[in-house]
Amino acid sequence: MIPKAINHSFDLGDGRTVTLETGKLARQADGSVVVRIGDTMLLATVVSNLTPKEDIDFFPLSVDYQEKFASAGRIPGSFFKREARPAEHEILTSRLVDRALRPLFPENYRNETQVLIYLISADKNIAPDAYAGLAAATAIALSDIPFNGPVSEVRAARIDGKFQVNPSISDLQRADLDILVAATEKNIMMVEGEMQEVSENDMLEAIKFAHEAIKKQITAIKELVKKVGEKTKREVAEPVEDESLRDATRKATYDKIYAVAKSGNGNKHERKKLFGAIYNEFIATQKFSDEEKKAKEKLAKKYYHDLEYEAMRSAVLNEGIRLDGRKTTDIRTITSEVGYLPMTHGSALFTRGETQSLTTVTLGTKEDTMTIDGAIHQGEKSFLLHYNFPPFSTGEVKRMSGTSRRETGHGNLAHRSLMQVMPKDYPYTVRVVSDILESNGSSSMATVCAGSLALMDAGVPIRKPVSGIAMGLITDNKKFAVLSDILGDEDHLGDMDFKVTGTKDGITATQMDLKVDGLPYEVMAKALDQAKQGRLHILGEMEKTITKAREDYKPHAPRIVQLVIAKEFIGAVIGPGGKIIQEMQRETGTTISIEEKDGKGIIDVFSDNKEGIDKAVARIKAITSVPEIGEEYEGKVTSIMPYGAFVEIFPGKEGLLHISEVDHRRLDTLDGILKQGDIVKVKLLDVDPRSGKMKLSRKVLMPREEKAKQV
């Protein structure tokens, strides 16, 4: 029996129809849905264990997005020919959905929950990431899992001056603003995207535009749930409480915590020790029995953390004092230098307070580009940015494993920020690597600043320097304070993490996560304006170190000389089976790449040896040069015939030097005049238009008086 599907459709607002369907696929999941737009289909499922996980103080949620290669009629290019570890864009999409969903689960829900989103059919002109959030949220809404939704997610892009919802991939290429926004019916939850130096007001308008589209999607989710029948949600276990212990913790510690919170101690580790000492002193006074000790200490730690949260926020809202003593708009002390690493192609050390990035730039060839082989996206990437966050940066010991999702996300934000100012058609492959050596908040923004400085140090002609800043928010729904350049603790204990990057002329990228309901647009506007002032201040500090790209690359940096040749010469440069180009690379010590673009051949000659580049360029020019009638050439005699000599004036291009054109005097033979291997100067007299045969002359370059001397 074929399962009966229940569906609901809605219009995106421009004639495109989105259909939500449930009841046909993945029926044993707690909730499942297929979202269809055109020929693109996403299957989303959610399953949550019936019992909570013991002894954890976080919500064990995992979100995974995967693009099935079969959805686009492709076989994976990997060795095993199957989907393997997630690609970077799949990780980034998973993170976007996770950030939209996670804050909306009940605070005390500890049941392990898994959300899986599969791309099962793909129209290659529809971007599926714009619908992943809608699919996941619908699956949860159809389940019995407790959730403070619905929520949804859309892409808002400005194309040719007009905002569009979820534009096609081809149209997106023309966008000067591209953001993904997640929201409930009332509140913005998450924003991430890139822009071409747009204003703060333009970004705010884009978020408002996206929110209106999200409201339509949430209505559609509710309509589908109504058709299916809403399930009774699971009960969330009430946390065990001990009011007397809570009161004792407050009475013994709050005033001491508040004193540390407003003391202005700028050292993270010292502050942590002071807070820890207060807790340890309190625990030492408690007389717990052996049976209850573990549970009581766990509760006391929770109550103590709640008091830290309250004290830090109260100090900011009531006295305008932050943990490290700064005012709300103050930026931490900034120092920077370039060229710190002598043998890299470019480097920068950027320190802001207790956050530090050591960033390098490496220049490579087109052979160093990153190959992208996804179900939807294929191609090459020539600007790479990698972010590393080793455990010593926070004074911790952790197991070293592969690149984390967090590192991928932070690196992507910095990549988007700097990509906007990279020169177009740049011949180099550029790799930027940020190693975070110290961290106390805003390490991704330190990466943007250090990356901008390192690119200029490497001689990469970026259009403008870029800086970044992370903004925070503290609110009690009556008063609020927007914090510039937040600390790690202010991120953890605060209500917002709003990262903004840009040049002096506009925003290039943003990432925002909210932890509170109901952030008014006026507060968001204030945060954006305050971020602009902070961004400009940071740019000013960076300019004390370097203001623009160096005029030349480092002496040990590789050089690229780019040549443009006629399309028909590409084969001649490569040679049969690549023989000629391989021989040139071997003999000159260069790397040579060729591609056809716009009906022409683009050749890049790459080496850190100028002499080798010059030799390779000369040989390529010789192969690709077109002989011109009337021009003089120096050629090599390749063979002697009774009627004259054949002279190679370009590699593979020979002309006939007839015996009558060798000398002004009459010659019966070339014996004693020319021999094979001689280098002679000749002039091109004519080229046969049909055969291409060239007629050369030597005598026209010889003074006539030489005839008299030789007779």
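Trainee: In the hairpin of E3 and E4, which residue takes a positive phi near 60°?
Mentor: This is a predicted model, in which local features need pLDDT of at least 70, side-chain atom pairs count only at pLDDT 80 or more, and totals for chains, interfaces and linings use all residues. Residues are numbered from 1 along each chain as its sequence is written, and side-chain values use heavy atoms, without hydrogens and water. Strands are DSSP runs of E with at least two residues, and helices are runs of H or I with at least four, each numbered from the N terminus. Two residues lie between strands E3 and E4, and the positive phi near 60° belongs to Gly38.

Trainee: Over how many bridges do E3 and E4 pair?
Mentor: Two strands pair if DSSP finds at least two bridges between them. Gly31 stands opposite Val46 in E4. The pairing of E3 with E4 (residues 40-48) is antiparallel, and its bridges number seven.

Trainee: Which residue in E3 is the bridge partner of Thr19?
Mentor: Strand E2 (residues 17-22) also pairs with E3 in the antiparallel sense, over four bridges. The partner of Thr19 in E3 is Arg36.

Trainee: How many residues of E3 are buried?
Mentor: Buried means under 20% relative accessible area, exposed over 50%, and partly exposed in between (1.4 Å probe, protein chains only). Strand E3 spans residues 31-37 and is mostly covered; of its seven residues, the buried ones number six.
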